[in-house]
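Here are my notes on the charged and aromatic side chains, as promised. Have the model open while you go through them.

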Amino acid sequence: MSKLLQKPEKQEVAEGVTIIQSVTKGNSPLEYVEFKIVELAQGAEYSELLIKKECCIVALTGKINVTVGEDVYHDLGTRDSVFDKVPTDSIYVSNDRGFELEAITEARVALCYSPSDKQLPTKWIKAGDVDVEHRGILSNKRMVHNILPDSAPYANSLLVVEVYTESGNWSSYPPHKHDRDNLPNESLLEESYYHEMNPPQGFVFQRVYTDDRSIDETMSVENGDVVLVPAGYHPVGVPDGYESYYLNVMAGPTRTWKFYNDPDHEWILNR
Ligand SMILES: O=C(O)C[C@@H](O)[C@H](O)C(=O)CO
């Protein structure tokens, strides 16, 4: 199996708390992005202390309370399934702070991390404030929830977006990359993809490749899988009959998303 594809693995860390994905510097080729999916049974609690990293807590499904220091954010989360296709609530927590999650209902939570050493205020990113963007035409249609885009100044490094791709469509397409620190033309951002499909037995294909093909992997991606993009282009194709959801975390030395389209395929934008 590709080193860029990480399958879900259930790890019960406390009663009612199961980590199903955990991307760390220790188990991945990424330097800037770390990621977890935590599933909580109703009433379960999970806490963490962030050492030299910032975190965006995304209430993927179910309802949670989040405590950061003295502040409690109640009743976060808007969906039973990510395929309800409405934005959800998130909390940005800066480095060297602790947080606690408490599940009001059964919940699935994404924890998106990147290195950080300059403390910023905690930020409640309310569902109603998330910008919803429709991109693309023909078979390249997708909907994006901009949870933590580069225009939002709340984080030091982190960028977080959710992307829905319709059945039989392509996204992150035409293929683009952001692996050179060459601003203003291109920024260096690593990326992770946490995938879900509707219905859940579905699959998508994701290719990760560089110009020199030192990376060139085409992966069959299933529900709950994570794809890691240390460098290169990273398009996603969705088979007929299935809808795709993915949560992207990006981070790098400069918090700007400046991508470069594969010149071979850029013509697709001009149809
Ligand atoms: O527009 C899309 O299809 C989503 C992608 O831009 C995705 O968020 C990504 O590849 C970011 O680099």
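Burial first: I call a residue buried under 20% relative accessible area, exposed over 50%, and partly exposed in between (1.4 Å probe, protein chains only). Keep in mind that this is a predicted model, where local features need pLDDT of at least 70 and side-chain atom pairs count only at pLDDT 80 or more, while totals for chains, interfaces and linings use all residues. Residues are numbered from 1 along each chain as its sequence is written, and side-chain values use heavy atoms, with hydrogens and water left out.

1. Tyr73 and Trp124. Tyr73 is buried at 12% relative accessibility, whereas Trp124 is partly exposed at 32%. Rings of Phe, Tyr and Trp (its six-membered ring) pair if their centres lie within 6.5 Å; planes under 30 degrees apart are stacked, over 60 edge-to-face, and the rest tilted. There are 10 aromatic pairs by that rule. With centres 6.0 Å apart and planes at 70°, Tyr73 and Trp124 are edge-to-face. Tyr73 sits in strand β8 and Trp124 in strand β12 (residues 123–125), so the pair ties together parts 51 residues apart in sequence. Strands here are DSSP runs (E, at least two residues), as helices are (H or I, at least four), numbered from the N terminus.

2. Tyr209 and Tyr233. Both are buried. Their rings make a tilted pair, 4.9 Å centre to centre with 35° between the planes. Tyr209 belongs to strand β21 (residues 203–209) and Tyr233 to the loop between β23 (226–229) and β24 (236–237), so this contact ties together parts 24 residues apart in sequence.

3. Charges over rings. The rule is NZ of Lys or CZ of Arg within 6 Å of the ring centre and within 35 degrees of the ring normal. Lys126 lies over the face of Trp124, 4.5 Å from the ring centre. The charged end of Arg207 does likewise over Tyr209, at 3.9 Å from the centre of that ring.

4. Salt bridges. I count a side-chain nitrogen of Lys or Arg within 4 Å of a carboxyl oxygen of Asp or Glu, and the structure has 14. One of them joins Glu243 and Lys85 at 2.3 Å, N to O. Glu243 is in strand β25 (residues 243–251) and Lys85 in the loop between β8 (71–76) and β9 (90–93), 158 residues apart.

5. The network. Salt bridges link Lys177, Asp179, Arg180 and Glu186. Lys177 to Asp179 comes in at 2.7 Å, and Arg180 to Glu186 at 2.6 Å. Lys177 is buried at 3% and Glu186 at 1%, but Arg180 is partly exposed at 37%.
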